[in-house]
Amino acid sequence: MAYVGRNAAEPTLGFTKQGWIYYAALDGLSEPIFKTHTVRSKDQGRTWEDVTPPDNPGYSEDPYLYVDPDTGRIFTMDLLLPCTRLSRSDDG
């Protein structure tokens, strides 16, 4: 197992058809606390790059990531009581 550069309280993994790995983690050790980070590996987990959406809300009470197996579209969702925030990407 390789360190992805983030600590994770509630990690979620997603995989694309081309073998890219996406990892969303609620980083309880970062500032501000409970900031969600999304990282991606294009080389089977050897290296990771931060691809957190620029409009990331800054914290999350429950992050989630999903990769649509047919379209490759990536979705991230953060619970921000009393609602949620959804981000998506069509280009990885």
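A strand, here, is a DSSP run of E with at least two residues, and a helix is a run of H or I with at least four. With that in hand, let's count. The protein has zero helices and seven strands. Along the sequence, the pattern reads β-β-β-β-β-β-β. Keep in mind that this is a predicted model.

Now the overall picture. The protein has 92 residues, and 38% of them count as buried. Its accessible surface comes to about 5,700 Å². Carbon and sulfur atoms hold 54% of that surface. What about contacts? Take those with a separation of 6 or more: 29% of them join residues 24 or more positions apart.

Next, the inside. In soluble globular proteins, nonpolar side chains tend to be buried together. Which residues make up the largest nonpolar core here? There are six: Trp-20, Tyr-22, Ala-24, Leu-65, Val-67 and Ile-74. Two strands, β2 (21–27) and β5 (63–67), each supply at least two residues of this core.

Leave out residues up to four places away in sequence. Tyr-22 still touches core members Leu-65, Val-67 and Ile-74. Its other partners include Thr-12, Leu-13, Thr-38, Val-51 and Gly-92.

Tyr-22 also turns up in a pocket lining. The second largest pocket holds about 160 Å³ of space. Its lining includes Tyr-22, Thr-38, Val-51, Ile-74 and Gly-92. Pro-53, Phe-75 and Arg-88 are also among the lining residues. Which elements give two or more residues to this lining? They are β6 (74–80) and β7 (83–89).

Phe-75 leads us to the aromatics. The structure holds two aromatic pairs. One of them joins Tyr-66 and Phe-75. A pair of aromatic rings is described by the distance of the centres and the angle of the planes. For Tyr-66 and Phe-75, that is 6.4 Å centre to centre and 35 degrees between the planes, a tilted pair. Tyr-66 has 37% relative accessibility, so Tyr-66 counts as partly exposed. Phe-75 has a relative accessible area of 21%; buried would need under 20%, so Phe-75 is partly exposed too.

Last stop: a loop. Where is Gln-18? Gln-18 lies in the loop between β1 (12–15) and β2. Its relative accessible area is 51%, and the cut-off for exposed is over 50%, so Gln-18 is exposed. Now look across to Lys-42. Gln-18 and Lys-42 are 24 residues apart along the chain, yet 8.5 Å separates their C-alpha atoms.

Definitions and conventions:
Residues numbered from 1 in each chain as written. Predicted model: local features only at pLDDT ≥ 70, side-chain atom pairs only at ≥ 80, totals over all residues. Heavy atoms only, no water. Buried < 20%, exposed > 50% of the residue type's maximum accessible area, 1.4 Å probe, protein only. Contact = heavy atoms within 4.5 Å. Areas by Shrake-Rupley, 256 points an atom, 1.4 Å probe, with all protein chains shown as cover. Phe/Tyr/Trp six-rings, centres within 6.5 Å; stacked < 30°, edge-to-face > 60°. Core = buried A, V, L, I, M, F, W, Y, C linked by side-chain atoms within 4.5 Å. 1 Å grid on protein atoms, 1.4 Å probe; cavity = no way out; pocket = protein on both sides within 12 Å on 5 of 7 lines; lining within 4 Å. Points joined across faces, edges and corners; volume = space filled by probe spheres on them.
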